[in-house]
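Trainee: I would like to learn how to read a model of two chains. Can we take it feature by feature?

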Amino acid sequence: MSDNTTIPALAPQPFPLREVTPWAIFGLIIGLIALYFIGLEQGALALFEGATIHEFVHDARHLLGFPCH
Amino acid sequence: MIGQLLMRGLLAGLVAGILAFCFAYVFGEPSVDAAIVFEEQMAAAEPADPGAIEEEPLVSRPVQSSWGLLTGILILSVGLGGVFAILFACAYGRLGALSAAQASLLLAAIGFISFSLVPWLKYPANPPASTFDDTIVYRTDLYFLILAISLALGYGAWMLRQQLLPGLGAWNASVIAGLGYVVAVAVVFLIMPAVNETPETFPATVLWEFRIASLGIQFVLWAGIGLVFGSLAGRVLDRDGTSRIAAA
Ligand SMILES: [Zn+2]
């Protein structure tokens, strides 16, 4: 029984959480990789040799509040 | 639908990152440069090490302060934009009678407080030469610990609000959950150790300006994500959401 003339002040239909779950895992991985490279790589931890990544994103690391030197 | 939201989140992160870069370049870089001047003065005052070799910097200062800064901010902002879109997909329709744009702004405000403001209040951003090099691992551990605790407490406050919602209504449930978050954060602040490594001779105005600029960058980032994502998502969802309500 749909009546398109009245729009009730109700919350919109939420997405079912099991529909969101695979995307949430994907999003979490993107977020963690971003956080790792901006906050940790060649600082407290290192996957790659040297300091070029650290030096390149150095100002962003400081200004975004991540610990550095 | 959720894939479309994710694309819009990444795009919102890109736009917000460019805005935050402009803010950082204008308001943040002067204090980074001033801190590096202080660092060089300190190094010049030390007795010269005869074995030291004059090192060629890997990345020049102009590159660090422009492309490097832009890249670094974009890595974080696009990542946050993606996560934001997924959180939005979980929250949309569970926040009460909010439009997509309103829900997006509310979520951005929660993100700013729990991801940026609370960690910054306990362990504020430090300019170059204001901390000890050999405590980097310790300070990084503390920073990521407070970040994780703040996000967990934010989630806890959210769950508390949802629990109280049926009995107390949206306003009272939100106020109680918000107060609970503030009290829990205060207790954590008291328990966690302080970090005070700034040399006494470090210029106080530089430290202040750097920290305020850092908070400002995070604010621009979240405001940008909230506004841009809200308007992009509104175009897909409010149309669709309305029809879903009507069909229900
Ligand atoms: Zn540094």
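Mentor: Start with one segment of chain B. Over residues 67-91 the chain is 100% helix and 0% strand, and the end C-alpha atoms are 35 Å apart. Keep in mind throughout that this is a predicted model.

Trainee: What does the UniProt annotation say about residues 67-91 of chain B?

Mentor: The unreviewed UniProt entry annotates residues 67-91 of chain B as "transmembrane region". According to that record, the label also covers residues 103-122, 142-160, 172-192 and 212-234. An annotation of this kind may be inferred rather than shown by experiment. For residues 103-122 of chain B, the model gives 100% helix and 0% strand, with the end C-alpha atoms 28 Å apart.

Trainee: How many helices and strands does chain A have?

Mentor: Chain A has three helices and zero strands, in the order α-α-α along the sequence. Of its 69 residues, 38% are buried, where buried means under 20% relative accessible area. Chain A exposes about 3,900 Å², and carbon and sulfur atoms supply 70% of that area.

Trainee: What share of the contacts in chain A with a separation of 6 or more comes from residues 24 or more positions apart?

Mentor: Such pairs account for 13% of those contacts in chain A.

Trainee: Now the interface. How is its size stated?

Mentor: The size of an interface is often given as the accessible area lost when the parts come together. Here chain A and chain B bury about 4,600 Å² between them, with 74% of it on carbon and sulfur atoms. Phe15(A), Leu63(A) and His69(A) supply 17% of the area that chain A buries against chain B, more than any other three residues. Counted by residues, 45 of chain A are in contact with 62 of chain B.

Trainee: Which side chains meet in a salt bridge?

Mentor: Arg61(B) and Asp59(A) do, at 3.0 Å from N to O. That distance falls inside the 4 Å cut-off for a salt bridge. The count between chain A and chain B is one salt bridge. Across the same interface there are nine residue pairs in polar contact, with both residues at pLDDT 80 or more.

Trainee: Which elements of chain A give two or more residues to the side that touches chain B?

Mentor: They are α1 (17-39), α2 (52-56) and α3 (58-63) of chain A. The largest share of that side, 13 residues, comes from α1(A).

Notes: Residues are numbered from 1 along each chain as its sequence is written. Chains are lettered from A and ligands numbered from 1 in the order in which they are written. Side-chain values use heavy atoms; hydrogens and water are left out. Helices (H or I, at least four residues) and strands (E, at least two) are DSSP runs, numbered from the N terminus. Buried means under 20% relative accessible area, exposed over 50%, partly exposed in between (1.4 Å probe, protein chains only). Contact means heavy atoms within 4.5 Å. Accessible areas come from the Shrake-Rupley method with a 1.4 Å probe; for residues, only the protein chains shown count as cover. Buried area is the accessible area (1.4 Å probe) that two parts lose on being put together, summed over both. A polar contact is a pair of N or O atoms within 3.5 Å; within protein, one must be able to donate a hydrogen and the other to accept it, and residues adjacent in sequence count only if both atoms are side-chain atoms.
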